[in-house]
Amino acid sequence: VAHDTVDWTAPSALVVGAEVGVSRDVRAALDAAAAAGDDGLRRVHIPIDSAVESLNAAVAGSVILLDARRQRRHAATAAAETTSEKTWASSSSSTAHERRTTGPHPARPLRPSGRVVGDF
C-alpha cells in the first residue's frame with residue numbers, strides 16, 4: 001500500500017526496516033499479529049521517481065511521519081473548526097477573554113505564543 005493512501009489519523013505503529021529488513025524478533029511479532037487477524041497490519045511503501053534507487057531507513061521513516069503529521073493536523077483543524085462553530089453558536093454567555101485563552105481546544109491550554117499545546 002502506498003504511504004499516502006493509509007489513514008494515519010488512527011493510532012498507528014510504524015516499523016521501519018533497512019534494506020536487509022527488520023530483526024527476526026520484530027518480524028515474528030508482526031507475523032504473530034497478522035496470524036491473530038490484525039486486519040490493520042499492512043506493508044507500506046513510498047512511491048519514488050524512477051531516477052531514485054532507494055531511500056535510507058531514516059528518510060523513509062521521516063517521509064511517512066511527515067505525512068502522518070500532515071493528516072493528523074488536517075483532521076485536528078477540521079475538528080477544531082467544527083467544535084469552534086458549535087461553541088460560538090451555543091456560548092453567548094462566554095466572554096471574549098475566555099474564548100481567546102482557551103483556543104479551539106478548550107481541554108488543551110494555549111502556549112504563550114498562542115499555539116495549541118497538543119500531542120502527535
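Tutor: Start with a charged pair: Asp31 and Arg27 form a salt bridge, with their closest N and O atoms 3.3 Å apart. Keep in mind that this is a predicted model.

Student: Where do Asp31 and Arg27 lie?

Tutor: Both are in helix H1, four residues apart, which is about one turn of the helix.

Student: Is Asp31 buried, exposed or partly exposed?

Tutor: Asp31 counts as partly exposed because its relative accessibility is 39%, between the 20% and 50% cut-offs. Arg27 is partly exposed too, with a relative accessible area of 39%.

Student: How many salt bridges turn up in the whole structure?

Tutor: A search of the whole structure gives two. Arg70 forms one with Asp67, and the closest N and O atoms there are 2.7 Å apart.

Student: And where do Arg70 and Asp67 lie?

Tutor: In helix H2, three residues apart, again about one turn of the helix. H2 covers residues 57-90.

Student: Why does Asp67 count as buried?

Tutor: Asp67 has a relative accessible area of 9%, and buried means under 20%, so Asp67 falls in that class.

Student: What does Asp67 touch, leaving out residues up to four places away in sequence?

Tutor: His3, Asp4 and Trp8.

Student: Tell me about His3. Which segment is that in?

Tutor: His3 lies in the segment before H1. His3 is buried, with a relative accessible area of 9%.

Student: What is His3 in contact with, beyond its neighbours within four places in sequence?

Tutor: Trp8, Val44, His45, Ile46, Pro47, Val63, Ile64 and Asp67. Take Val63: His3 and Val63 are 60 residues apart in sequence, and their C-alpha atoms are 8.8 Å apart in space.

Student: What about Ile64, what does that one touch?

Tutor: With residues up to four places away in sequence not counted, Ile64 touches His3, Trp8, Leu14, Val44 and Ile46. Ile64 also belongs to the largest nonpolar core.

Student: Which residues make up that largest nonpolar core?

Tutor: Six of them: Val6, Trp8, Ile46, Ala60, Ile64 and Ala68.

Student: Switching topic. Which residues form a nonpolar patch on the surface?

Tutor: Ile48, Val52, Leu55 and Val59 do, with about 270 Å² of accessible area together. Val59 lies in helix H2 and counts as partly exposed, at 37% relative accessibility.

Student: Back to H1. How many residues does it have, and how far does it reach?

Tutor: H1 runs over residues 24-35, so 12 residues, and reaches 16 Å from its first C-alpha to its last. That is close to the 16 Å expected at 1.5 Å a residue.

Student: What follows H1?

Tutor: Gly37 follows H1, and its phi is positive, near 90°.

Student: Overall picture, then. How many helices and strands are there?

Tutor: Three helices and zero strands. From the N terminus on, the elements run α-α-α.

Student: What percentage of the residues count as buried?

Tutor: Of the 120 residues, 12%. The accessible surface comes to about 9,100 Å², and 55% of that belongs to carbon and sulfur atoms.

Student: And the contacts, what share joins residues at least 24 apart?

Tutor: It is 56%, taken among contacts between residues at least 6 apart in sequence.

Technical notes: Residues numbered from 1 in each chain as written. Predicted model: local features only at pLDDT ≥ 70, side-chain atom pairs only at ≥ 80, totals over all residues. Heavy atoms only, no water. Helix = DSSP H or I, 4+ residues; strand = E, 2+ residues; numbered from the N terminus. Buried < 20%, exposed > 50% of the residue type's maximum accessible area, 1.4 Å probe, protein only. Contact = heavy atoms within 4.5 Å. Expected span 1.5 Å × (residues − 1). Patch = residues over 30% accessible without salt bridge, like charges linked within 9 Å, V, L, I, M, F, W, Y side chains within 5 Å. Areas by Shrake-Rupley, 256 points an atom, 1.4 Å probe, with all protein chains shown as cover. Salt bridge = Lys/Arg side-chain N within 4 Å of Asp/Glu carboxyl O. Core = buried A, V, L, I, M, F, W, Y, C linked by side-chain atoms within 4.5 Å.
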